[in-house]
Amino acid sequence: MTLRFFVLPLTEGIPQENFASCVLLLTLSWRTSTGLPVRTLNAENCAQCSMLFKSLLLNITELLNNGLLCYAIPSDKVALRSNADTVLTCAPVVQNSGCIMQRNSSFSESECLRNIMKDLGYYAAAIESYLNFPLRSSVEEKSLLKPTLGMIQTLRKNCSLMPDAGNDSSEDPAQMWGNASFDNRQEMCKMMRGFHIRTITINRAMGYISSGDHMK
């Protein structure tokens with residue numbers, strides 16, 4: 001089975017309309033200038049978290065290459081489910097020809113990490129709830145997904161700047177699942193493809209934070 005991955009840069013998901021982009025960037029500028037406490041990862045934690053995120057990306061890549069989750073799924077669609085602003089808040093630079101603004105001077109490490117944790121919180125809840133619904137191959141799917149869930153939980157525990165980071169009661173991923181195992185697996189397959197793309201973005205963001213360029 002051939003999988004197609006749509007690898008997107010840090011601009012993944014940013015609206016194309018000039019007006020909408022300006023509004024989003026102005027909103028971000030306001031967020032990062034409201035006097036919120038500045039929190040950062042120390043060098044040791046940053047290096048450790050970067051390695052954990054690389055391991056998560058490798059895990060998800062292998063999970064999709066395994067073929068079990070997407071077996072007999074006729075579509076190669078990708079679904080980006082989480083509504084976190086990770087792409088916007090973690091971009092080193094955002095430039096738009098219709099909006100004279102750059103993000104490199106207002107990058108907020110704490111805001112970026114908060115949204116990354118929000119992503120992880122959503123996908124952890126989605127995977128955990130999926131495993132409680134009817135599955136085509138219960139033993140095999142649990143064996144495949146539980147290590148991924150464990151890695152996400154480790155990241156949330158060790159790389160969060162705030163104890164409640166990633167908790168968002170407005171999102172209930174369990175609503176995606178029903179009683180048809182094929183439909184559930186199809187949604188999970190699309191979601192994990194989207195999570196694969198988002199994890200690429202997160203790894204690039206962690207590389208930027210680890211480089212220290214945002215502190216210059």
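The link of Cys49 and Cys159 is left-handed, with -105° about the S-S bond. Cys49 belongs to helix α2, and Cys159 to the loop between α5 and α6 (181-211), so this bond ties together parts that are 110 residues apart in sequence. The S to S distance in the disulfide of Cys49 and Cys159 is 2.0 Å. Both Cys49 and Cys159 are buried. Please bear in mind throughout that this is a predicted model.

How many disulfides does the count come to? With a cut-off of 2.5 Å between cysteine sulfur atoms, the count comes to three disulfides.

Another of these bonds joins Cys70 to Cys189, again with S to S at 2.0 Å. Its torsion about the S-S bond is about 105°, so the disulfide of Cys70 and Cys189 is right-handed. Here, too, distant parts of the chain are linked: Cys70 sits in the loop between α2 and α3 (86-89) and Cys189 in helix α6, 119 residues apart. Cys70 is buried, as is Cys189.

The remaining pair to discuss is Cys90 and Cys112, whose sulfur atoms are 2.0 Å apart in a disulfide. The link of Cys90 and Cys112 is right-handed, with 110° about the S-S bond. Since Cys90 lies in the loop between α3 and α4 (109-130) and Cys112 in helix α4, the pair ties together parts that are 22 residues apart in sequence. Cys90 and Cys112 are both buried.

Counting bonded cysteines along the chain, the disulfides follow the pattern 1-5, 2-6, 3-4.

Is Cys46 buried or exposed? Its relative accessibility is 6%, and the limit for buried is under 20%, so Cys46 counts as buried.

I turn now to the helices. Two packed helices are described by the angle between their axes and the distance between the axes.

Helix α2 (residues 43-66) packs with helix α5 (residues 138-158) at an angle of about 165°, the axes being 10 Å apart. Angles over 145 degrees count as roughly antiparallel, and α2 and α5 are therefore roughly antiparallel to each other. Their crossing is left-handed. On the α2 side, the contact includes Cys49, Leu52, Phe53, Leu56, Ile60 and Leu63, while the α5 side includes Leu144, Leu145, Pro147, Met151, Ile152 and Leu155. By class, the contact of α2 with α5 holds twelve nonpolar, six polar and no charged residues. Cys49, one of the α2 contact residues, is also the cysteine joined to Cys159.

How do α4 and α5 pack, in terms of angle and distance between axes? The angle between α4 and α5 is about 150°, with the axes 10 Å apart. By the limit of 145 degrees, α4 and α5 are therefore roughly antiparallel to each other. The crossing of α4 and α5 is left-handed. Among the residues in contact are Met117, Leu120, Tyr123, Ile127 and Glu128 of α4, and Glu141, Leu145, Leu149, Ile152 and Arg156 of α5. The contact of α4 with α5 divides into ten nonpolar, three polar and three charged residues. Leu145, Ile152 and Leu155 of α5 take part in the contact with α2 and also in the contact with α4.

Thank you for your attention.

How values were computed
Residues numbered from 1 in each chain as written. Predicted model: local features only at pLDDT ≥ 70, side-chain atom pairs only at ≥ 80, totals over all residues. Heavy atoms only, no water. Axes fitted to C-alpha atoms, helices over the stretch in contact; angles between N-to-C directions. Helix = DSSP H or I, 4+ residues; strand = E, 2+ residues; numbered from the N terminus. Parallel < 35°, antiparallel > 145°, perpendicular 65-115°, else oblique. Left-handed = near helix turned anticlockwise from the far one by under 90°. Contact = heavy atoms within 4.5 Å. Nonpolar A, V, L, I, M, F, W, Y, C, P; charged D, E, K, R; others polar. Buried < 20%, exposed > 50% of the residue type's maximum accessible area, 1.4 Å probe, protein only.
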